[in-house]
Amino acid sequence: MRNQGDTPIWHPEKRADEEKEEVPDSEEENVKEELAEETQDQNDELETPQSTYESFADRLPNVKKVRNTRLIRRLSFIISISAIAILILCYFVSPLSKLSGVTVTGNENVDSQAVITDSKLAIDGSLWTQYFDRSANEKNIEKKFPRVKQASVSLNGINSFKITIQEYKVLAVDYLDGFYYPILENGKVLTDKLDNPISGMPVFANFEDEKYIKSLMESYNGLPDELKEQISEIKYSPSESNKELITLYMKDTNQVIVNISQLVEKMNYYSQVSGQMTEPGVIDMEVGIFSYSHKKETENSDTSESTADSSLTAEEGQ
């Protein structure tokens with residue numbers, strides 16, 4: 001059986017006293033925390049200028065580096081410009097800036113040395129001055145040589161020129177006073193005398209005015225190649241009312257009467273008309289298109305001559 005003194009005894013007063021003693025300790029801790037925070041804020045405020053100072057100091061090397069880079073670029077630019085100017089000056093003083101030679105290509109009937117001479121290009125003259133004035137040299141060549149259709153001056157190597165020649169084609173020959181003269185595709189008649197016609201080319205006859213030859217060549221160039229090959233001679237045969245009338249003598253012995261200005265238009269029907277003819281004859285395309293045989297033409301000529309003779313006899317009898 002337990003004694004009364006062994007039984008635990010509850011003392012509420014004592015517990016309240018202990019709690020009262022613990023409350024001041026909590027408040028003290030709060031005060032300490034507040035003081036610590038204020039001290040930290042003060043330290044942060046003191047450290048801010050120092051941090052700013054350190055940041056500016058860190059940027060100083062970068063600023064110097066940028067300045068040095070810009071300075072190096074400016075110096076490099078100045079040195080490059082100076083070097084280029086010196087090289088250009090040395091080039092224009094050296095023989096490389098002088099014309100050393102001229103070659104001619106593309107010419108078949110024009111003499112190369114004559115082309116160089118008449119081009120007015122000066123050996124040992126300023127290369128670039130003559131290059132930029134090359135259009136005048138090209139015109140000199142084209143004016144001097146009728147056969148030259150186009151002349152082109154270009155650089156060839158470091159300090160030489162190349163003249164490229166394009167010549168007019170000879171498409172026909174003009175028969176005059178017992179000689180044959182080449183006719184260029186532009187209608188120009190050359191002064192070169194030939195004893196015989198050029199094989200495969202038509203002969204122009206009875207043309208006394210060169211303007212009709214030029215007009216005819218413009219039309220002739222528009223004909224298909226197969227028609228050109230069939231023409232052996234073109235004779236100028238004007239009438240009192242028609243000054244551009246010509247007669248074409250074909251290799252199949254037909255004759256075609258046509259206007260110069262209508263040559264291409266009317267000759268498109270030649271194959272069709274000639275194919276319907278039973279024998280060689282004349283195809284009259286001056287006004288419309290109709291054909292008749294050579295026999296009829298001969299009979300008409302004989303009849304005209306007989307009528308003229310009869311009229312003449314009657315007049316003499318009177």
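Colleague: Before we dig in, what pLDDT do local features need here?

Modeller: Residues are numbered from 1 along each chain as its sequence is written, and side-chain values use heavy atoms, with hydrogens and water left out. This is a predicted model in which side-chain atom pairs count only at pLDDT 80 or more, totals for chains, interfaces and linings use all residues, and local features need pLDDT of at least 70.

Colleague: Okay, which strand and which helix each supply at least two residues of the lining of the largest pocket?

Modeller: A pocket here is an open set of points on a 1 Å grid over the protein atoms alone, where a 1.4 Å probe fits, with protein on both sides within 12 Å along at least five of seven lines; lining residues have an atom within 4 Å of a point. The lining includes Val170 and Leu171, along with Asp225 and Lys228. Helices (H or I, at least four residues) and strands (E, at least two) are DSSP runs numbered from the N terminus. The two elements are strand E4 (170-176) and helix H6 (225-228).

Colleague: And what's the volume of that largest pocket?

Modeller: Grid points get joined across faces, edges and corners, and the volume is the space filled by probe spheres set on the points. Done that way, the largest pocket comes to about 160 Å³.

Colleague: How many charged residues does its lining have?

Modeller: Asp, Glu, Lys and Arg count as charged; Ala, Val, Leu, Ile, Met, Phe, Trp, Tyr, Cys and Pro as nonpolar; and the others, Gly among them, as polar. The lining includes Asp225, Lys228 and Glu229. By class there are five nonpolar residues and one polar, and the charged ones number three.

Colleague: Which residue pairs with Arg147 in a salt bridge?

Modeller: A salt bridge means a side-chain nitrogen of Lys or Arg within 4 Å of a carboxyl oxygen of Asp or Glu, and that rule gives a count of one. In this pair the closest N and O atoms are 3.5 Å apart, and the partner of Arg147 is Asp192.

Colleague: How many residues apart in sequence are the parts that this pair ties together?

Modeller: Arg147 sits in the loop between helix H4 (134-144) and strand E2 (148-155), while Asp192 is in the loop between strand E5 (179-184) and strand E6 (203-205), so the bridged parts are separated in sequence by 45 residues.

Colleague: Is Arg147 buried or exposed?

Modeller: Buried means under 20% relative accessible area, exposed over 50%, and partly exposed in between (1.4 Å probe, protein chains only). Arg147 has a relative accessibility of 14%, so it counts as buried.

Colleague: What's the phi of Asp124?

Modeller: Most residues other than glycine have a negative phi. Asp124 is found in the loop between helix H2 (112-118) and helix H3 (127-132), and it is exposed, with a relative accessible area of 59%. Its phi is positive, near 70 degrees.

Colleague: Last one: where does Asn206 lie?

Modeller: Asn206 also isn't a glycine, and it has a positive phi of about 70 degrees. It is partly exposed, with a relative accessible area of 40%. You'll find Asn206 in the loop between E6 and helix H5 (210-220).
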